[in-house]
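Please go through the sequence and the structure shown below before reading on. The paragraphs after them take up a few features in turn.

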Amino acid sequence: MTGLRHRTSTGGAPQDLMSDALRLLLVSSELTPYAKTGGLADVVAGLSRWLGKTGHQVRVVMPLYGQIAHGGYDLHEARDIGRVRIRFDGAEQEFGAKVGELPNSKVPIYFVDCPAMFGRDRIYSSTYGDEHIRFGLLCRAALEFCQRLGFAPHVVHCNDWHSALLPLYLRTLYSWDGVFRGTKTLLTIHNIGYQGQFGGKVIDDLGLAASRGMFHQDDLSKRNEVNFLKTGLLYADWLTTVSPNYAHEIQTGEGGRGLEATLRERKDSLTGIVNGVDYGDWDPAHDKHLPAHYSSADLSGKAACKKKLLERFALRQDGDPMVLGIVSRLTLQKGFDLLPDVLPVVMRDERMRLVALGSGEARYEDWFQWLRDQMPDRVGIYRGYHEELAHWIEAGSDAFLMPSMFEPCGLNQMYSMRYGTIPIVRRTGGLADTVVDRDPVSGKGTGFVFERFDSHALLDALQRAVRVYREPGAWHAMMLAGMAQDWSWDRQGPRYVDLYRRLSG
Ligand code: ADP
Ligand code: GLC
């Protein structure tokens with residue numbers, strides 16, 4: 001596979017750095033630290049950094065959103081790409097590329113510089129009505145960049161619906177180019193709840209009129225609909241999702257959101273891989289955001305972080321308080337509909353504190369605000385997105401709440417374990433694969449897990465947690481068990497490399 005020599009390449013690692021190095025292109029709508037609304041950004045950054053560190057030739061393509069262009073990053077014009085003009089049937093789009101290096105790595109990030117499409121203050125902008133063009137453009141730009149850089153990827157790794165049209169483009173508009181002769185595609189489903197569904201007429205806008213027959217015909221004829229994610233499921237050479245349990249769930253009527261039949265047809269090319277954690281960013285021993293540091297050998301810094309967190313929200317410090325933490329997008333997925341029946345009951349205990357950070361649907365934000373108004377000296381909330389605060393809550397809380405209705409993988413439960421903050425989770429998706437329920441007899445376990453999506457089950461898990469918290473020895477043992485867990489990319493990354501090799505071999 002290394003014999004393939006190609007046109008000159010720019011930036012990043014030298015060609016054939018390692019004798020069996022893979023050439024990999026990752027395409028994503030989000031990447032930490034540039035643009036993030038959720039775990040996707042952390043996962044693509046962590047995987048790319050690890051792949052670069054282990055000697056592979058990795059490049060990442062993502063949009064140059066307004067927040068990145070004006071974010072003070074060290075980016076320069078990618079001259080070997082120049083200006084690209086492509087015809088979408090309705091209009092012509094022109095764009096260029098800026099290039100930068102992923103922090104703490106040598107991985108080049110190519111940003112699609114198209115202010116008309118991406119120069120907005122938000123990452124996603126469905127109200128503009130051109131989301132299909134924006135992300136169709138992302139797919140095409142990624143391939144155009146490869147052509148101009150002479151970069152012949154062994155694997156193009158697409159993520160979620162935003163880059164799910166790329167495998168189809170590769171099989172149609174770009175199939176003529178020898179640079180892609182050995183290229184295979186992998187599509188990772190981070191969340192099947194977002195599929196990128198549009199009216200059938202967008203096929204023309206996307207420059208795919210001649211390939212109309214390659215879209216799912218029933219969707220077109222019965223609903224006049226194009227589904228980006230489903231198209232990716234049909235044409236990617238391999239599919240992954242972010243935990244083995246979720247790989248199973250999405251093949252069922254309950255979890256597949258209408259894509260279960262397509263996924264069952266492709267089950268032999270579907271692998272579940274639990275996300276890795278970038279402990280460079282998420283470890284209390286050296287987390288740059290924290291007011292104090294700690295490790296399992298000396299937990300005193302955790303007590304300091306807890307004190308600071310309570311101070312920051314002006315919450316009472318008296319009476320050995322137990323702090324529950326929440327950091328989340330506030331959407332139906334996250335299970336917060338269970339809270340109104342449960343938290344007021346749990347919070348009756350004067351020793352309980354709650355600190356929640358989140359943004360999303362107003363009904364959840366309003367409910368948290370209501371709870372805070374009821375007990376302003378014991379409940380703290382922050383509405384919005386706040387990176388530093390997310391780290392403070394992981395470190396300063398005793399337990400972390402994730403009652404998700406569904407959860408493809410979830411990162412915060414893994415971050416929590418590393419921070420000695422015990423997760424209280426529902427047994428779904430990746431939460432089931434990563435958190436072990438405490439056994440009341442042996443005391444073994446890394447969290448409190450409940451099964452049914454109902455408030456009684458959540459209340460029971462919370463009450464179990466509160467009881468164990470009041471037995472310091474037992475709680476401490478659980479903290480240590482969680483802190484010893486290893487979900488690093490060193491452990492999870494090789495699973496992707498195995499797949500890339502199998503595909504390109
Ligand atoms: P999802 O991707 O479904 O949102 P994950 O658990 O995989 O769930 O990842 C969520 C990521 O987003 C975590 O890194 C978490 O800290 C972060 N996050 C979520 N909401 C916020 C917020 N309001 N402020 C800061 N970080 C947040
Ligand atoms: C999605 C999922 C989350 C997962 C993340 C990264 O947004 O909701 O469970 O951890 O992607 O894969």
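The model is predicted, and every distance and area quoted here is computed from it. Ligand 1 is surrounded by 21 residues, the closest of which are Gly39, Arg329, Lys334, Gly384 and Leu411. By class, this shell consists of seven nonpolar, nine polar and five charged residues. Where in the fold do these residues come from? At least two residues are supplied by each of H1, strand E13 (322-330), strand E14 (352-360) and helix H15 (412-418), and the element that gives the most is E13, with three residues. In terms of domains, the shell around ligand 1 takes at least three residues from domain 1 (23-278 + 490-504) and at least three from domain 2 (300-486).

Several polar contacts to ligand 1 can be followed atom by atom. A polar atom in the side chain of Lys36 is 2.9 Å from an oxygen atom of ligand 1, and a side-chain N or O atom of Asp42 is 3.1 Å from an oxygen atom of this ligand. With Leu411 it is the backbone that takes part, one of its N or O atoms lying 2.8 Å from an oxygen atom of ligand 1. Taken alone, ligand 1 exposes 560 Å², and the protein buries 94% of that area.

Which atoms make polar contacts with ligand 2? In the side chain of Asn275, an N or O atom is 2.9 Å from an oxygen atom of ligand 2, while for Gln333 a polar side-chain atom lies 3.0 Å from an oxygen atom of the ligand. Pro408 contributes through its backbone, where a polar atom is 3.5 Å from an oxygen atom of ligand 2. Ligand 2 exposes 310 Å² when taken alone, of which the protein buries 93%.

The N-terminal end of H8 is capped by Asn227, which places a side-chain oxygen 3.0 Å from the backbone nitrogen of Leu229.

Phe228 also belongs to an aromatic cluster, which it forms together with Tyr65, Phe118, Tyr124, Phe135, Trp161 and Phe198. In the structure as a whole there are 21 aromatic pairs. One of them joins Tyr124 and Phe135, whose ring centres are 6.1 Å apart and whose planes meet at 45°, so the pair is tilted. This pair links distant parts of the chain, with Tyr124 in the loop between helix H3 (115-118) and helix H4 (131-149) and Phe135 in helix H4, 11 residues apart. Tyr124 is partly exposed, with a relative accessible area of 25%, whereas Phe135 counts as buried at 0% relative accessibility.

A second pair, Tyr496 and Tyr500, has ring centres 6.3 Å apart and planes at 35°, and is therefore tilted as well. Why are Tyr496 and Tyr500 separated by about one helical turn? They are four residues apart in helix H19 (residues 489-504). An α-helix has 3.6 residues a turn, so residues three or four places apart point the same way. Both Tyr496 and Tyr500 are buried.

The last feature is a contact across the sequence. Ser295 sits in the loop between strand E12 (270-272) and helix H11 (300-312), where it is partly exposed, with a relative accessible area of 29%. Although Ser295 and Arg418 are 123 residues apart in sequence, their C-alpha atoms are 8.9 Å apart in space.

Notes
Residues numbered from 1 in each chain as written. Chains lettered and ligands numbered in written order. Predicted model: local features only at pLDDT ≥ 70, side-chain atom pairs only at ≥ 80, totals over all residues. Heavy atoms only, no water. Polar contact = N/O pair within 3.5 Å; in protein donor to acceptor, adjacent residues only side chain to side chain. Areas by Shrake-Rupley, 256 points an atom, 1.4 Å probe, with all protein chains shown as cover. Phe/Tyr/Trp six-rings, centres within 6.5 Å; stacked < 30°, edge-to-face > 60°. Buried < 20%, exposed > 50% of the residue type's maximum accessible area, 1.4 Å probe, protein only. Near = heavy atom within 4 Å. Nonpolar A, V, L, I, M, F, W, Y, C, P; charged D, E, K, R; others polar. Domains from an automatic or database assignment.
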